[in-house]
Amino acid sequence: MESEIVRRPKASERFETYSWLYMRVSGPLLMLMALTHFGIMHLYYGVGHIDFTVVAARYRTPFWRIYDLVMVLLAVTHGMNGAKMILDDYLHPRGWRTAVLCLVWAIGFIFLVMGGFTILTFGVK
Amino acid sequence: MRYKMEEGEVAWILHRVTGAGVAAFLLLHIFDISLIGWGPGLFDKLLFFYRARAFRVMEVFLLAGVLFHALNGIRIILIDFWPAAAGFQKKLLYGEVALFTVAFIPAAYLMLR
């Protein structure tokens, strides 16, 4: 019994711990970054005033490109990890769980590449 | 059978719903911004979508979702890492609702005016 309690966690259990911790590290960072982003774009500029020129002006400074890149990376991984947590609660058949989980991460990867490509290649000819 | 839902359970459900909603918007937003790579012609032409009345209202829902998810997330972190916080978790929840109201109402007003 005792060895059962003090045994080393299996790799899959360690992953669950990191997944739990990751939400608590990326969450507050996203709160600061996303709410700042929302405030600038929706309250300072306003959706009625944002157009190509506004985005182009922002992306002339590397600061906003790096900011957006970090935010996209944190947001997509936080969101996909959240989707995984919901799946863990509601989808139990092993095969289905694996299939939907693969789909979730595939979608996350595709949108991560899409976002990164947009931010890094904008205006670079 | 009678079942009374506690405030914390409502917050738990809302955390999931807002998380899923914000994640769905995130994917849409990554897609729409990717259109900027095709130049000002296409991007500016499609902006009518975001400027439509219905979408302006959706935008306020987005703010509500992000704000609730963020504040509730902070409450979850406090309870996880600060053992004493579990003793006054209801007070934390009421504080969260108060903060949400104070931040959301003026922002929603500014966005819809």
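**Values against definitions**

Q: How many of the 125 residues in chain A are buried, and what makes a residue buried?
A: Buried residues make up 14% of the 125 residues in chain A. A residue is buried if 20 or more other C-beta atoms lie within 10 Å of its own, exposed if 12 or fewer, and partly exposed in between, with C-beta atoms placed from the backbone. In chain B, 15% of the 113 residues count as buried.

Q: What kind of model is this, and how is it numbered?
A: This is a predicted model, in which local features need pLDDT of at least 70, side-chain atom pairs count only at pLDDT 80 or more, and totals for chains, interfaces and linings use all residues. Residues are numbered from 1 along each chain as its sequence is written, while chains are lettered from A and ligands numbered from 1 in the order in which they are written.

Q: How confident is the predictor in each chain?
A: pLDDT is the predictor's confidence in each residue, from 0 to 100. Chain A has a mean pLDDT of 89, and 94% of its residues reach 70 or more. Chain B averages 89, with 97% of the residues scoring at least 70. Among the elements of chain A, helix α1 (residues 2–6) has the lowest mean pLDDT (59) and α4(A) the highest (94). The model scores ipTM 0.88 and pTM 0.88.

Q: What makes a run of residues a helix here, and how many helices does chain A have?
A: Helices (H or I, at least four residues) and strands (E, at least two) are DSSP runs, numbered from the N terminus. Chain A comes to 5 helices and 0 strands. Chain B has 5 helices and 0 strands.

Q: How does the radius of gyration of chain A stand against a compact globule of 125 residues?
A: The radius is taken over C-alpha atoms, and the globule rule is 2.2 Å times the number of residues to the power 0.38. A compact globule of 125 residues would come near 14 Å, but chain A has 19 Å. For 113 residues the rule gives a value near 13 Å, but chain B has 18 Å. The C-alpha atoms of chain A fill a box of roughly 65 × 30 × 25 Å along the principal axes. The trace of chain B spans about 55 × 35 × 30 Å.

Q: Why is A:Phe15 called exposed?
A: A:Phe15 has 11 other C-beta atoms within 10 Å. The limit for exposed is 12 or fewer, so A:Phe15 is exposed. A:Phe15 is found in helix α2 of chain A.

Q: Why does A:Trp105 count as partly exposed?
A: A:Trp105 has 16 C-beta neighbours inside 10 Å. A:Trp105 lies in helix α5 of chain A.

Q: How do you know that the span of α4(A) is close to the expected one?
A: The expected span of a helix is 1.5 Å times one less than its number of residues. α4(A) has 29 residues and reaches 42 Å from its first C-alpha to its last, close to the 42 Å expected. α4(B) also has 29 residues and reaches 43 Å, close to the 42 Å expected.

Q: What covers the buried residues of α4(A)?
A: The cover includes α2 and α5 of chain A together with α1 of chain B. Among the buried residues of α4(A) are A:Met71, A:Val72 and A:Ala75. The buried residues of α4(B) pack against α2 of chain A together with α1 and α5 of chain B.

Q: What makes a set of residues a nonpolar core, and how many residues has the largest?
A: A nonpolar core is a set of buried Ala, Val, Leu, Ile, Met, Phe, Trp, Tyr and Cys residues joined through C-beta atoms within 7 Å. The largest has 20 residues, and those with the most contacts inside it include A:Val72 and B:Leu26. α2 (11–45), α4 (62–90) and α5 (94–121) of chain A, with α1 and α4 of chain B, each supply at least two residues of this core.

Q: What counts as a contact between the chains, and how many residues of chain B take part?
A: Two residues are in contact if their C-beta atoms, placed from the backbone, lie within 7 Å. By that rule 29 residues of chain B are in contact with 27 residues of chain A. The chain B side divides into 19 nonpolar, 4 polar and 6 charged. Here Ala, Val, Leu, Ile, Met, Phe, Trp, Tyr, Cys and Pro count as nonpolar, Asp, Glu, Lys and Arg as charged, and the others, Gly among them, as polar.
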